[in-house]
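Please look over the briefing below, which is written to be read beside the sequence and the coordinates. The points are grouped by topic.

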Amino acid sequence: MMRTFNKQKKPAKYLIILTTILVILGIPSYIWTKKNVSTLAGRYNSPMSPIIMIPGSSASADRFDDLVKTINKQYGEHHSLLKLTVNTDGKITYKAL
Amino acid sequence: MENLFKNKFEQKLAQITLKLQKLLFYRIIQRTVLMIFPFVLFGSFIKIIQITILRKDSFLTDIIPKLNNDFVFNHINDIATALYSLTLGWVAVIATFGAAKYTAKHFHRDDQMAGLTSISSLLIITFTYSRVQPLSFHGTVLGMRGLLFAILLGMLVGWTFKATSSSAPNHRSKHLSSNVLERTFISLKPISIVLIVSVIFSFLVNITYYSDLPNNIVYSLATNYQSNNALIQLLSTIGFSLYTIIASFFGWSGIYSPIEIEKSDPTVLNNLNYALNHHTAWGAPNLFTSNTLYHSFATLGGTGSVLALIIAIFLVSKDPDFQTVARWTMIPSVFNLGSSIMSGIPVLFNVIFIIPFILAPLTCMLMAAIALQLHLMPPSVYPIPTGAPGLLSAFIGTNGSWQALIFSLISLTVSVYIYIPFVRIAEKLKTIDNLALDEGGISDDENLQ
């Protein structure tokens, strides 16, 4: 009994190290999961989601004006709209309504 | 031997193990697994650095200061990837060398040539025929999951040397240069045979397709046949977990393998949607999924709950080798990288450890299933980042539920108690027949016979 007690002294040190590591890792993982879940829930429960519409190659950014107008009229709401145009030189011009 | 082991079961297990250890096949496998240990360990530590510091979506993002310089960041990341890929990422190549070398040595053939031929052979078989990249291989089969194949291939190469060449000349009898030439010509026949067969084999069978086939079948079974019956769900989750655990025990990988990219089946997604909708994990529709049972409670420290084995060694083992290995593999295992302890003890292919390796995760999963059914803790439904400590995955997956954390600790304790008797048996067996003693020695002919 005495002998096993003596031999176990050293390994106990590693058990303490192990526990410490887990506690140290536990705190950031708690913060991470709280943040992640609230982001996910926010995204999932959001009443609105963005709709991205891409016109065909020969159409301009105003291609969907009629559609947006119809939708806004039908539901009596004004949804915000951002029009992006990527020019041939790589520059982006935008218009917001 | 009788006085070493207390009960009938221990004696029986010891007898089986000792009998197996006499087999050449078994000795070669065990020794090869021990040989790859340093590379696996090094690779695991690199992987930890990648998970904790270099990943941008890691759970430690908030506390570890970020490198804002993308250029420096990318370079460090590239270096880490290179170090990882050429240690843990290609252990199968190292293993095939070892297996061929030990086999050839046993039959008194040119062991060095056999090992090198085996490396060429494995690389030829896994070679990707691509016109874009001149030298590329099917990477997945070169890592831990290709271990079984690599060892068998190595033994086959060693055996080919025995069958088709005469024994190696005595090293000291002649002048060095002529000796090397002589050795080359003695081994030329087996080398050519092995390489030609490998080319034919690699051309006929696309190895990734071949090695992934069982997995694909099982995976499609797991995703396409979903049942709403809780009992069937429980049974199928346990079944697939068993498949995964047994597969990794033999150097393969199952569908729930933590190394792989998270595959989420519809039941897991249902749970997440429910929880996000109701702002709580309590009452999620599917209680028994891979996430709620296997990932949370069966992988404490990697497949087979090997963190429990490490703790069991700290608690009861007096063997200096076991202690050293446990100390070094403790940190990788915290991050669920169990491969290093699996090759260091070795656990892989080791008949003593197959029982706790399956039993510990299985018991924890059943306990968890009961606790979930009794609503003692919420099911783990939220996403868990890769490399999150296994012990904390239930805690993270339930959005910080204390019940789940306490239950993880209980699971760990139970697993430790399952491992303890087997650590004792393994230790006693080491005093009778130590496989690790003659590892890599020059004259180990006696031990191999």
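This is a predicted model: local features need pLDDT of at least 70, side-chain atom pairs count only at pLDDT 80 or more; totals for chains, interfaces and linings use all residues.

## Briefing on selected features

Phe349(B) has its place in the loop between α15 and α16 of chain B.

**Backbone features**

- Phe349(B) is not a glycine, yet its phi is positive, at about 60 degrees, and with a relative accessibility of 7% the residue counts as buried.
- The loop between α15 and α16 of chain B also holds Pro346(B), which is joined to Ile345(B) by a cis peptide bond with an omega of about -15 degrees.
- Asn399(B), which is not a glycine either, likewise has a positive phi of about 60 degrees; Asn399(B) is found in the loop between α17 (393-397) and α18 (402-432) of chain B.
- Asn399(B) has a relative accessible area of 17%, and is therefore classed as buried.
- As background to these points, most residues other than glycine have a negative phi, and most peptide bonds are trans.

**Aromatic pairs and cluster**

- Over all chains, a search of the whole structure finds 10 aromatic pairs.
- One of them is formed by Tyr14(A) and Phe314(B), whose ring centres lie 5.5 Å apart and whose planes meet at 15 degrees, so the pair counts as stacked.
- That pair crosses between chains, since Tyr14(A) belongs to helix α1 (residues 2-44) of chain A and Phe314(B) to helix α13 (residues 306-316) of chain B, and both Tyr14(A) and Phe314(B) are buried.
- Phe250(B) and Phe349(B) have ring centres 5.9 Å apart and planes at 65 degrees, so this pair is edge-to-face.
- Phe250(B), with a relative accessible area of 32%, is partly exposed, whereas Phe349(B) is buried.
- A single aromatic cluster is made up of Phe249(B), Phe250(B), Phe349(B) and Phe357(B).

**Charges over rings**

- Lys47(B) places its charged end over the ring of Tyr84(B), at 4.5 Å from the ring centre.
- Lys162(B) is found over the face of Phe107(B), with a distance of 5.1 Å to the ring centre.

**Packing of α10 and α12 in chain B**

- Helix α10 (residues 230-249) of chain B packs against helix α12 (residues 290-298) of chain B at an angle of about 35 degrees, the two axes being 10 Å apart, and the crossing of α10(B) and α12(B) is right-handed.
- On the side of α10(B), the contact involves Leu234(B), Thr237(B), Ser241(B), Thr244(B) and Ile245(B), and these meet Ser290(B), Leu293(B) and Tyr294(B) in α12(B).
- Sorted by class, the residues in the contact of α10(B) with α12(B) comprise four nonpolar and four polar ones, with no charged residues.

**Chain A**

- Chain A has two helices and two strands as its secondary structure, and from the N terminus on these elements follow the order α-α-β-β.
- Chain A has 97 residues, of which 20% count as buried.
- Among the contacts in chain A with a separation of 6 or more, 8% come from residues 24 or more positions apart.

Methods
Residues are numbered from 1 along each chain as its sequence is written. Chains are lettered from A and ligands numbered from 1 in the order in which they are written. Side-chain values use heavy atoms; hydrogens and water are left out. Axes are lines fitted to C-alpha atoms, for helices over the stretch in contact, and angles run from 0 to 180 degrees between N-to-C directions. Helices (H or I, at least four residues) and strands (E, at least two) are DSSP runs, numbered from the N terminus. A crossing is left-handed if the near helix is turned anticlockwise from the far one by less than a right angle, and right-handed if clockwise. Contact means heavy atoms within 4.5 Å. Ala, Val, Leu, Ile, Met, Phe, Trp, Tyr, Cys and Pro count as nonpolar, Asp, Glu, Lys and Arg as charged, and the others, Gly among them, as polar. Rings of Phe, Tyr and Trp (its six-membered ring) pair if their centres lie within 6.5 Å; planes under 30 degrees apart count as stacked, over 60 as edge-to-face and the rest as tilted. Buried means under 20% relative accessible area, exposed over 50%, partly exposed in between (1.4 Å probe, protein chains only). A charge sits over a ring if NZ of Lys or CZ of Arg is within 6 Å of the ring centre and within 35 degrees of the ring normal.
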